[in-house]
Amino acid sequence: MPLHVLVLGGTTEARELAASLAARSGVRVTTSLAGRVSRPGSLDGDVRVGGFGGAEGLAAWLREHRVDALVDATHPFAAGITANAARAAADTGVPAVVLRRPGWRARPGDLWHEAASLDDAAALLPRLGRRVFLTTGRLGLAAFARLTDLHFVVRSVEPPGPPLPPHTDVLLARGPFTVEDETALLREHRIEVLVTKDSGGAATAAKLTAAREQAVPVVVVRRPPLPEGVTAVSDVSAALARLGLAPR
């Protein structure tokens, strides 16, 4: 029987890991997507879409499909999925690895303000600027809906649902974006403050460089902590090593 690896995906790292696993003989990889994006890119190996029904449902799926290893390569802010994965792995005895890209670090010239949550980020905004570039995704925008005196530019891959702040322009776009792209956006919309989650990685970091060069303050929402007793690896090679598979 081939080694069956379930990857909880949705990130660039998950896609890279699936490609590496699918290219190996004796390994079967299934990538699970939450289904929040209607047109995900192609993936190597098998793909399933949709939730499992909590930790119990995931544990049942691991048993039914004879999964030998679980890799949680979801977004750093998918705290609920990560908690369920940790519980399911513990309940079934399936070895589990959390793959998380490193978070961003401030550089000289950055005007960063850290926030513990979207609500905390919203509380900081009135004293930082009136024109806000919001890049926290289409979920959780209700935290900013009460800020009726501010103007928001919201960028999202998919249209966000209500409630939204009353003064909001929505930009539908998929990255990666260049520093030139982000600089032009900041200037065109006269952005005075940027809000982002600490997603890490290079694909969405250009906005931070543009903000630094334009002296635009940035509110950075910190990542939720990992479940107790869970540690993460930072790249695909380390995840493969945890699975006992030498990187190629």
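This is a predicted model: local features need pLDDT of at least 70, side-chain atom pairs count only at pLDDT 80 or more; totals for chains, interfaces and linings use all residues.

Visitor: Where does Lys 207 lie?

Guide: Lys 207 is in helix α6, residues 206-213. Helices (H or I, at least four residues) and strands (E, at least two) are DSSP runs, numbered from the N terminus.

Visitor: Is Lys 207 buried or exposed?

Guide: Lys 207 is buried, yet has no salt bridge. Buried means under 20% relative accessible area, exposed over 50%, and partly exposed in between, with a 1.4 Å probe and protein chains only. A salt bridge needs a side-chain nitrogen of Lys or Arg within 4 Å of a carboxyl oxygen of Asp or Glu.

Visitor: Which side chain of opposite charge is nearest to Lys 207?

Guide: Glu 182, and it is 6.0 Å away. Lys and Arg count as positive, Asp and Glu as negative; His and the chain ends are not counted.

Visitor: And which side chain makes a polar contact with Lys 207?

Guide: The side chain of Thr 135 does, at 3.0 Å. A polar contact is a pair of N or O atoms within 3.5 Å; within protein, one must be able to donate a hydrogen and the other to accept it, and residues adjacent in sequence count only if both atoms are side-chain atoms.

Visitor: New topic: in what order do the strands of the open sheet run?

Guide: The 6 strands go β3-β2-β1-β4-β5-β12, with parallel pairing. β3 (46-49) and β12 (232-233) are at the edges with a single partner strand each, so one side of each has no neighbour in the sheet. Two strands pair if DSSP finds at least two bridges between them.

Visitor: How many bridges join β1 and β2?

Guide: There are 6 bridges between β1 (residues 3-8) and β2 (residues 27-33). In β2, Thr 31 is the bridge partner of Val 7.

Visitor: Which residues are joined by cis peptide bonds?

Guide: Pro 162 and Pro 163 are joined by one, with omega about 0 degrees. Another joins Gly 175 and Pro 176, with omega about 5 degrees.

Visitor: And what about phi at Arg 66?

Guide: Arg 66 has a positive phi of about 50 degrees although it is not a glycine. Arg 66 lies in the loop between α2 and β4 and is exposed, at 62% relative accessible area.

Technical notes. Residues are numbered from 1 along each chain as its sequence is written. Side-chain values use heavy atoms; hydrogens and water are left out.
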